[in-house]
Amino acid sequence: MKFSYYPGCTLKTQGKDLDIYARKSAEALGIDMEEIENWQCCGAVYPQAKDEIARKLSAVRALDSAKKQDGKLLTLCSACYNVIKRVNNDMKNDENINLKANNYLKATGYLAEGDEYNGETEVIHYLEMLRDTVGWANLKAKVVNPLKGVKIGAYYGCLLLRPSSVLQFDNPENPTILEDFIKAIGATPVVYAMRNECCGAYVSLKDKEVVKKTANRIVNNAKANGADMLITACPACWYNLNHNSDGSLPVKYLTELLAQALGLI
Amino acid sequence: MQRIGVFVCWCGSNIAATVDVKRVAETLGQEPGVVYSADYQYMCSENGQQLIKTAIKEHGLTGIVVCSCSPRMHEATFRKTAESAGLNPYMVEIANIREQVSWIHKDIEEATVKAIILGRTAIAKLLLNTPLTAGETGVTKRALVIGGGIAGIQTALDIAEAGYEVDIVEQRPTIGGRMAQLDKTFPTLDCAACILTPKMVDCAQNEKIDILSYSEVEEVKGFVGNFTVKIRKKARYIDEKKCTGCGICMSVCPSKKGLNEFNMNLNNRPAAYIPFAQAIPNVAVIDPEQCIKLKTGKCGLCSMKCEAKAIDYTQQDSFVERNYGAIVVATGFKIADLKYFNEYGYADNKDVITSLELERLMNAAGPTKGTLLRPSDNTHPHVITFIQCVGSRDISGCGKPYCSKICCMYTAKHAMLIREKYPDTEVHVFYIDVRTPGKNYDEFYRRAVEQYDVDYIKGMVGKVYNENGKLMVQGSDLLSNEQITIASDLVVLAAAIEPEPSVRKIATLLTTSIDTNNFLTEAHAKLRPVESPTAGIFLSGMCQGPKDIPETVSQASACAAKVIGLLAKDKLKCNPCVSISDDSMCIGCGTCANVCPYGAITYVDKEFRLGGGKTEVRRVASVNEAVCQGCGACTVACPSGAIDLKGFTTKQIMAEVEAVCKR
């Protein structure tokens, strides 16, 4: 199965591991991830301003480019997933944004006259691909190095889950997809209350003290519930939980553990 | 040839604002067979009805079409009008140009054209109508009440008071329902048992009332005035007639692991038990899942000690069949499942409880004898946090979209009672809105805030988690725009309420309708709130929608009044729109009897003359007109086209279809 893939900037710089292990694992699972051409930064959280059209354009370009391939766009970074899926929703449901974005892309020659992007592409997160295309049972069967006895806390953060009406990724209060993933790679999931609380995100650029509080709160709560490590799909969460907490709990990308379980590391 | 009159109603601006009523009247006036047409502001008013009567007489009309609201609203009204002017009431047809036209269309041209088409359709049908005469059936002067909570009890008492016999069927071993579990009741704070148990005793002592406890409705046949109901009496392994309710079996029973349902599973009860001290009937029951004798054959202690010799381990379920004129559904409610609300930690923390569990913890007859102790370690909680709207007013799909209505008041009650009894306790309440309409209700809530210093926080709770033995309640305070976390000893969830699950089965048995939330649907939301759309079936209490005790009792009495009105009649008019079979075409195949949901069709052997002095005996269908409900299933199923529905004949329906399709 082939997917158009949008890696995003962080996965090419600070978060290389998230990307590298994702590709290796996908290959082992028979999934072909084809990076779309000439992609640009999704804009991180900036395009979510309602009246800001220009900053949504790079997401629209990526979506349109996937539409012209196979109609599906695979993402991995939580922030990219959040931004691209929300922009896609706007292109589908918000007449004003749709009209202005299409007009701009036509005026600049990106879209040919008569061509339009109306939210046709399906945005898929890597985890959804594992669940729906590979399947948990299949994944489990391909695990050669099950992480037996390892107690892993799933850290969802906020961008994967909210706003739930648009993302429709999982139940925002009681998500299960990462726990299902942890079970599939042979480890034991640890459910703890703070798994869907914000890590502090970009506030770490402005006020480290605030983020230290939020990051430690998450790490301590996971430890109190018996977790040996945390996994995440978000480079920002990974950074905050590693560098702004007391460092007492290892935090890894889910793809790294996946590659490990599949015997690729 | 018929002489038809057409009457187009404006319904004030309800129809006239969207439909050009004058054009409808003029156009339909040109239709073949129509000799008179008119429009009027309110056709259902006295003047409007007079207009119809005058036209019938002056123009010698043989049938009328009224273009107005849904026939469910005023068909009966206009039939009476026609009848009083000397017409057969079944020579009236309604074209619904309100619900099906003006209320759902915006464009005047489009709506007017559609109104004309519906008018033509009614005319086409009316041209083939024949006068019908309704027969009569008797009324069984006995009512059945399904459910023995406060709703069922009040309805039964009122019906019995009027002199009619009434049976209460209750699935649990005792009547009393949810109200029996409550501690105090708002807004007067009188104890629930003190006001309920005398009514339960009244039921037991009333000669007109028969209580069938630990019983379920199994099968319902018949129709309004003439229901036949089969009731399953579940084996209680105790002879009800012999048991004196002494309780010796309870005290000697060695199996003590059964969860005490009456105490919301907060403690245990023996396998042989009486649910609570004031149970009616005051008769024990043996739980077969827990009884050692029934499971292993070894024990029999209760049988040895029972002086009344009431224990019978061989008892089986038994059935009784009774006839009723009316059936009341009073099946009540339960607390909704909290499995989709793990964020509040109900499943993982013993000290996160529901409000109904708190009622038992505060009740003198409850597991803690009325001392408020938290379940995990039996210590007194010093900080208690209430969370309202858990699963109510929830649009995420995990809970219920509706307001459960009773929670704001009972939470204020709990908060106040706790502050009164344990002034050293800090009480917080998270709310979305406080909704306290009702006599003396808002005053009650204000007392909790102003007099008892209950800390009301406007905002929702995100999660409840355990940290160092404290329940951390994390929520937002919207008025101060702060995120707050309250370290609590006990968390009480005002969980949404939902209809008792057995109501689905009962609704199916009674062929009455249920809404998307499993509440039973009333015949009209405003004007017929205690009747179901199925004739002879009435609704009492929570099965119809969330309501508190005062409202439930009012509705229960209203329901009784409707039942009494029905039972007071000696004869009921039957619906003449029933099936009729043409013997000459019937081939006796049996298809119609198989599809009939009412068992109205039987087969008889009839002798037919063949001419030349010869006869033959053939098996043909015979419709019992009193039992037939006119659903029409048989007319569709009949392979030879022998069976037809009076008032809705195949020819009439085809004429309607043709009128719709022909432009």
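1. Domain bounds here come from an automatic or database domain assignment. With that in mind, chain A splits into domain 1 (2–125) and domain 2 (136–261). Keep in mind as you read that this is a predicted model.

2. The C-alpha centres of domain 1 of chain A and domain 2 of chain A are 24 Å apart. Across the boundary, 20 residues of domain 1 of chain A touch 17 residues of domain 2 of chain A. Two elements, α1 (16–28) and α3 (78–93) of chain A, each supply two or more residues to the domain 1 side. The largest share of that side is from α3(A), with seven residues. Sorted by class, the domain 1 side holds eight nonpolar, eight polar and four charged residues.

3. Now have a look at helix α2 (residues 57–69) of chain A. Why does its length agree with what you'd expect? The rule is 1.5 Å a residue, so its 13 residues should span 18 Å, and the end C-alpha atoms sit 19 Å apart, which agrees.

4. Which residues of α2(A) are buried? They are A59(A), V60(A), A62(A), L63(A), D64(A) and A66(A). A handy thing to remember when you look at that list: an α-helix has 3.6 residues a turn, so residues three or four places apart point the same way. The cover over the buried residues of α2(A) includes β1 (2–6), β3 (72–75), α3 and α4 (95–107) of chain A.

5. On to chain B. Its 663 residues are 44% buried, and its secondary structure comes to 19 helices and 34 strands. The C-alpha trace of chain B spans about 90 × 70 × 40 Å along its principal axes. Take the contacts in chain B between residues at least 6 apart in sequence: 70% of them join residues at least 24 apart.

6. How is chain B divided into domains? There are domain 1 (4–126), domain 2 (142–226 + 317–332 + 500–567), domain 3 (248–305), domain 4 (336–498) and domain 5 (579–646). Between domain 2 of chain B and domain 4 of chain B, the C-alpha centres are 30 Å apart. Their contact uses eleven residues from domain 2 of chain B and 19 residues from domain 4 of chain B. The domain 2 side of this contact has four nonpolar, three polar and four charged residues.

7. Finally, chain B has an open sheet of three strands, ordered β24-β25-β26, with antiparallel pairing.

Note on methods
Residues numbered from 1 in each chain as written. Chains lettered and ligands numbered in written order. Predicted model: local features only at pLDDT ≥ 70, side-chain atom pairs only at ≥ 80, totals over all residues. Contact = placed C-beta atoms within 7 Å. Helix = DSSP H or I, 4+ residues; strand = E, 2+ residues; numbered from the N terminus. Nonpolar A, V, L, I, M, F, W, Y, C, P; charged D, E, K, R; others polar. Buried ≥ 20, exposed ≤ 12 C-beta atoms within 10 Å, placed from the backbone. Pairing = 2+ DSSP bridges. Expected span 1.5 Å × (residues − 1).
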